[in-house]
Amino acid sequence: MSLPVFIHPDLSAARTGEAFSFSGPEARHAVTVKRMGEGERLELIDGTGTRLTLTITATSGKDSLEGTVDSIDTAPVPTPRVSVVQAIPKSERAELAVDLATQAGADEIIAWQADRCVAKWDGKKAPKAVAKWQAAADSAAKQSRRARIPQVRGPLTTPQLVQELTGGRDGASSNAPTVLVLHEEATVSIKDVPLADDVVLLVGPEGGIGDAELDRLKEAGATPIKLGPEVLRTASAAMVALAAIGMRTERW
């Protein structure tokens, strides 16, 4: 059975065979909620790929423990890297969309204020909403035993998204990214599209992507694709697409 996973903000001081302390809300969950104690083992991740296995030697109070570092590993960076641009769903489906995308391996999640989104992240609401999505990603990463946690950012309007897609990306590949937009009327299957080392996956809102908005995305380099004969809900579409990409590439 896999070990329980907890997030530690900084594992840089950890050394194999040496003592390491762990305190705070995550440690509280281990000590108080899961009632872990001396001799039990757990994993600590920092969200950027480092995974540390720890054997508990002592607990203190409700939110502190110490242990001996058994091993330290670094999870490889997935290839291709996949950024999910998720149109903001209604509140009851928003965190589910993030949870499922994280479980399926999304490397980044960008909130998209698409034209037909019912939910609106205006003013002060946006930072709180992004924080909720990040908390959902953190929780899903721990549950799925991921060492890398996708970072959530946004929201981007469609013009902002188009500008980012056409202005180049700062990161993962020297080649242009493959930009895929899921669309029920697309005729091209995801299995037939060449994939670069950097993939941007656009998931539209419950009401779909309008013709004018789709045209803007296509002009920015997006290819409309379909996943299969069924029309998926916005909360599950990214998960299914990531699974398809995983089967086609070295991610899986």
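This is a predicted model: local features need pLDDT of at least 70, side-chain atom pairs count only at pLDDT 80 or more; totals for chains, interfaces and linings use all residues.
User: Which residues of α3 are called buried, and what makes them so?

Analyst: Ala-126, Ala-129, Val-130, Trp-133, Gln-134, Ala-136, Ala-137, Ala-140, Ala-141 and Lys-142 are the buried residues of α3. They are called buried because their relative accessible area is under 20%.

User: How do you know what length to expect of helix α3?

Analyst: The expected span is 1.5 Å times one less than the number of residues. Helix α3, residues 125-143, has 19 residues, for which 27 Å is expected. From its first C-alpha to its last the helix reaches 27 Å, close to that expectation.

User: How does the span of helix α6 compare with what 1.5 Å a residue predicts?

Analyst: Helix α6 covers residues 234-248, and its 15 residues should span 21 Å. Its end C-alpha atoms are 22 Å apart, so the two values agree. Buried in α6 are Thr-234, Ala-235, Ser-236, Ala-237, Ala-238, Ala-241, Leu-242, Ile-245 and Gly-246. These buried residues pack against β6, α2, β9 (178-182) and β10 (198-203).

User: What makes β7 and β8 a pair, and in which sense do they run?

Analyst: Two strands pair if at least two bridges are found between them. β7 and β8 have 5 bridges, so they count as paired, and the sense is parallel. Glu-108 has Gln-151 in β8 as its bridge partner. The chain goes from β7 through α3 to β8, a β-α-β crossover that is right-handed.

User: Why is Arg-145 called partly exposed?

Analyst: Partly exposed covers what lies between buried, under 20%, and exposed, over 50%. Arg-145 has a relative accessible area of 30%, so it is partly exposed. Arg-145 lies in the loop between α3 and β8. Its phi is near 65 degrees, a positive value in a residue other than glycine.

User: Why is Arg-35 called exposed?

Analyst: The cut-off for exposed is over 50%, and Arg-35 has a relative accessible area of 69%, so it is exposed. Arg-35 is in the loop between α1 and β3 (41-45). Although not a glycine, Arg-35 has a positive phi of about 55 degrees.

User: What makes Pro-76 buried or exposed?

Analyst: Pro-76 has 68% relative accessibility and therefore counts as exposed. The loop between β5 and β6 holds Pro-76. Its C-alpha is separated by 10.0 Å from that of Arg-251, which is 175 residues away along the chain.

User: How do you know whether the peptide bond from Thr-79 to Pro-80 is cis or trans?

Analyst: Omega of that bond is near 0 degrees, and the bond is cis. Pro-80 is in the loop between β5 and β6. The bond from Gly-154 to Pro-155 is also cis, with omega near 5 degrees, and Pro-155 is in strand β8.

User: What joins strand β4 to β5?

Analyst: Strand β4, residues 50-60, is joined to β5 by 10 bridges, and the strands run antiparallel. At least two bridges are required of a pair, so β4 and β5 qualify. Arg-51 has Asp-73 in β5 as its bridge partner. The two strands form a hairpin with 3 residues between them, and Gly-61 in the turn has a positive phi of about 65 degrees.

User: How many bridges pair strand β2 with strand β5?

Analyst: Strand β2 (residues 19-23) and strand β5 (residues 64-74) pair antiparallel over 5 bridges. Ser-21 is opposite Glu-66 in β5.

User: Where are the domains, and how many residues of each are in contact?

Analyst: Domain 1 takes in 5-74 and domain 2 takes in 81-247. The contact involves 11 residues of domain 1 and 7 residues of domain 2. Their centres, taken over C-alpha atoms, are 33 Å apart.

User: Where does pLDDT stay under 50?

Analyst: It stays under 50 over residues 169-173, for which the model has 11 contacts beyond four places in sequence. The chain has a mean pLDDT of 93, with 97% of its residues at 70 or more.

Methods: Residues are numbered from 1 along each chain as its sequence is written. Side-chain values use heavy atoms; hydrogens and water are left out. Helices (H or I, at least four residues) and strands (E, at least two) are DSSP runs, numbered from the N terminus. Buried means under 20% relative accessible area, exposed over 50%, partly exposed in between (1.4 Å probe, protein chains only). pLDDT is the predictor's confidence in each residue, from 0 to 100. Contact means heavy atoms within 4.5 Å. A crossover is right-handed if, with the strands pointing away from the viewer, the path from the first strand over the helix to the second runs clockwise. Domain bounds come from an automatic or database domain assignment.
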